[in-house]
Amino acid sequence: ELEAFLALSPTPRRPGEHPRLRQLHRRAASPRRVGDVPVLAIDHRWQLQAMCDEAGASWDRITPLKALLFEAFARVAADHADVGILIDDVYGRDLLEQMTGRGHWLARALDVPKSRPVEFMNPDVGIILRSWPSDQIAKLMVYAHPSDPPEVAEVQWSQMARLAQAAQAADRSFLIEFQAPAGVEPGPGYLAQMLTEAYARDITPDWWKLPPIDDPAEWTAAAAVVAHADPTCHGMLVLGQTAAPDELAAALAAAAAEPMVRGFAIGRAIFGPAARRWLRDEIDDRALVDEVTERFISTIHTWKANRP
């Protein structure tokens, strides 16, 4: 904090109101998580709606499905205190209430599903963050690529800057997730390019959630950007999308060699196959919970096996 203060020119007359100093103070005042964070992501909305449509099932089944996924998470959490969970408040509001205050890593979706340019579920993002419990990390999902048209890119960067400012004002942690838009491959240098642009615009999330790229050099380059621009960032997490088991294992192996990558935040690659069969009434509740529990534990083991 002191080094950042002394580096500012001109020197702020009220350091406590300076956005970057406020963020550094919040991070310094709260205990930093030690070790990695394996996260089960169950904040999906449109993806589960699509699964229901494919299975000929009602969307009303999404809430009970998430309750079962949460049960699988709770089983794993009983033996792995470091695990975290990512939830939405459309189909998972009760689960958020259950998790709040337990000490687990907990993130909450803030974005309108599939929106591009990205939109907030409630435009008064600052007021919303102040109303959330302080242990809930605000997560913004952004479909973005360096080749985006300027009119799309500028709106998205503006939205991310709004979140950064609101989070700093409310003393809340936030996470930004980048994915390439549908039909667009990330391409070489994707991670470093997106992070470099974010930091150039003073967007400094506490966490990054990034695509499952299987090239270690991509993660090394991304980590170098973070280490230079925001060395107190908590870290990067690998997302899963719909990667097949071998593809996911390759991505986790590539990312695990980089210390700045702190774990993963994976959903459909863990629960997707079982959820589809459950929606088609091919398996019962117990079978769903058992399979998701096993796949979550297996993914944790894959990550740890590749960690130096």
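Predicted model: local features only at pLDDT ≥ 70, side-chain atom pairs only at ≥ 80, totals over all residues.
Trainee: Over how many bridges do β4 and β5 pair?
Mentor: Strand β4 (residues 137-143) and strand β5 (residues 174-179) pair over 6 bridges in the parallel sense, and Lys139 has Leu175 in β5 as its bridge partner.

Trainee: Switching to pockets, what volume does the largest pocket have?
Mentor: Its volume is about 910 Å³, and the elements giving two or more residues to its lining are α3 (46-55), β4, β5, α10 (245-256) and β8.

Trainee: Which residues lie nearest its centre?
Mentor: Of the 41 residues that line the largest pocket, Gln179, Leu239, Gln241, Thr242 and Arg268 lie nearest its centre; the lining as a whole divides into 20 nonpolar, 9 polar and 12 charged residues.

Trainee: Back to α3, at what angle does it pack with α11?
Mentor: The angle between α3 and helix α11 (residues 268-279) is about 30 degrees, their axes are 9 Å apart, and the crossing is right-handed.

Trainee: Which residues meet there?
Mentor: From α3 come Gln47, Leu48, Met51, Cys52, Glu54 and Ala55, which meet Arg268, Phe271, Gly272, Ala275, Arg276 and Leu279 of α11; the residues of this contact divide into 7 nonpolar, 2 polar and 3 charged.

Definitions and conventions: Residues numbered from 1 in each chain as written. Heavy atoms only, no water. Pairing = 2+ DSSP bridges. Helix = DSSP H or I, 4+ residues; strand = E, 2+ residues; numbered from the N terminus. 1 Å grid on protein atoms, 1.4 Å probe; cavity = no way out; pocket = protein on both sides within 12 Å on 5 of 7 lines; lining within 4 Å. Points joined across faces, edges and corners; volume = space filled by probe spheres on them. Nonpolar A, V, L, I, M, F, W, Y, C, P; charged D, E, K, R; others polar. Axes fitted to C-alpha atoms, helices over the stretch in contact; angles between N-to-C directions. Left-handed = near helix turned anticlockwise from the far one by under 90°. Contact = heavy atoms within 4.5 Å.
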